[in-house]
Amino acid sequence: MKGPVIVTKAEGIATVLLNRPEAFNAFNLDLVESFAANVITLAADGSVRGIIISGEGKAFCAGGDLKYALAFPHGPSAAFHELAARFHQAVLEIRRMPKPVIAAVNGIAAGGGFSLALACDFRVMARSAALRQAYTSSGLSIDGGGSFILPRMVGIAKAMEIMAFDRPISSEQALSWGLVTKVVEDGNALKEATGMALELAECSLNSFGWSKKLITDSFNSSFETHIERERRGLATCAAHPEGIEGLRAFSEKRKPSFNPRKS
């Protein structure tokens, strides 16, 4: 019997499928704990050079399971307190790991699913899929980093509009607003995300990791502090074997080889 999360690995890429299709992959405690544990494990797995997150069945993720929260023995407040703790572990790991994470949005991504998609580095979205903030329509506030990431993607005014009116966001709107990287035909989101992950796997993960960290941290420091971090990152990358390989490849007018699986 398959568990709440299905993980497969091929060519250095790990695919993580949320596996509660009967509930549109909504997070109950079993699913969110398994998801967080798998993300943490894959972040530390040296054989994995990229991660894809998607959903089994028709949905990407419908967010927190509201029926589960209402039936929770200690009440919905306690339920969301626990769910958010595990969910935020996973989101922080996604934002901090020095390897690319791609969301293959195969269907509706709502509530925590919306925040999860935003937390990933890139998003490939099926044409008929939709994004929805969803929290405020249920009398809840946004979690999973959504209230932090969303205004940095679309600006405060558009983020306030998305928050207040909670209208479904089509793939075309999501692309035009910069919420997704690419829109593909239905059924092709996972395939496209895999191709993207394989392309990124050929790049320097050390360079990607440093650059990802710098961009993520850029909103939380002064300009002077941040450019000092840039200098430290640049010097560190130049001393790393991948940096040395990149510099030598440029000097020798050849393509650098960063992926040890291909060496």
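Predicted model: local features only at pLDDT ≥ 70, side-chain atom pairs only at ≥ 80, totals over all residues.
Strands of a sheet pair through backbone hydrogen bonds, in either a parallel or an antiparallel sense. Here the sheet is open and mixed in its pairing, with six strands in the order 1-2-3-4-6-9. Its edges are strand 1 (5-10) and strand 9 (182-184), each of which pairs on one side only. From one strand to the next, the twist averages 20°. At one end of the order, strand 1 and strand 2 (residues 13-18) run antiparallel and share six bridges. Within this pair, Lys9 is placed opposite Ala14 of strand 2.

Two helices can be followed from here. Helix 1 (residues 29-44) packs on the sheet and touches strand 1, strand 2 and strand 3 (50-55). The direction of helix 1 makes about 20° with that of strand 1. Helix 8 (residues 189-201) also packs on the sheet, where its contacts are strand 2, strand 3, strand 4 (101-105), strand 6 (122-126) and strand 9. Relative to the direction of strand 4, that of helix 8 is at about 165°.

Ser54 belongs to strand 3. With a relative accessible area of 3%, Ser54 falls under the 20% limit and therefore counts as buried. Its side chain reaches the backbone oxygen of Ala104 at 2.8 Å. Apart from neighbours within four places in sequence, the residues in contact with Ser54 are Val16, Leu17, Leu18, Phe60, Ala104, Asn106 and Leu190.

The aromatic side chains come next. A pair of aromatic rings is described by the distance of the centres and the angle of the planes. The model has three aromatic pairs. In one of them, Phe27 and Phe87, the ring centres are 5.3 Å apart and the planes meet at 40°. Phe27 is buried at 4% relative accessibility, and Phe87 is buried with a relative accessible area of 4%. Together with Phe35, Phe27 and Phe87 form one aromatic cluster.

Rings also take part in contacts with a charged side chain. Arg152 lies over the face of Phe148, 3.6 Å from the ring centre. The charged end of Arg152 also sits over the ring of Phe219, at 4.9 Å from its centre.

Methods: Residues numbered from 1 in each chain as written. Heavy atoms only, no water. Pairing = 2+ DSSP bridges. Helix = DSSP H or I, 4+ residues; strand = E, 2+ residues; numbered from the N terminus. Axes fitted to C-alpha atoms, helices over the stretch in contact; angles between N-to-C directions. Contact = heavy atoms within 4.5 Å. Phe/Tyr/Trp six-rings, centres within 6.5 Å; stacked < 30°, edge-to-face > 60°. Buried < 20%, exposed > 50% of the residue type's maximum accessible area, 1.4 Å probe, protein only. Lys NZ or Arg CZ within 6 Å of the ring centre and 35° of its normal. Polar contact = N/O pair within 3.5 Å; in protein donor to acceptor, adjacent residues only side chain to side chain.
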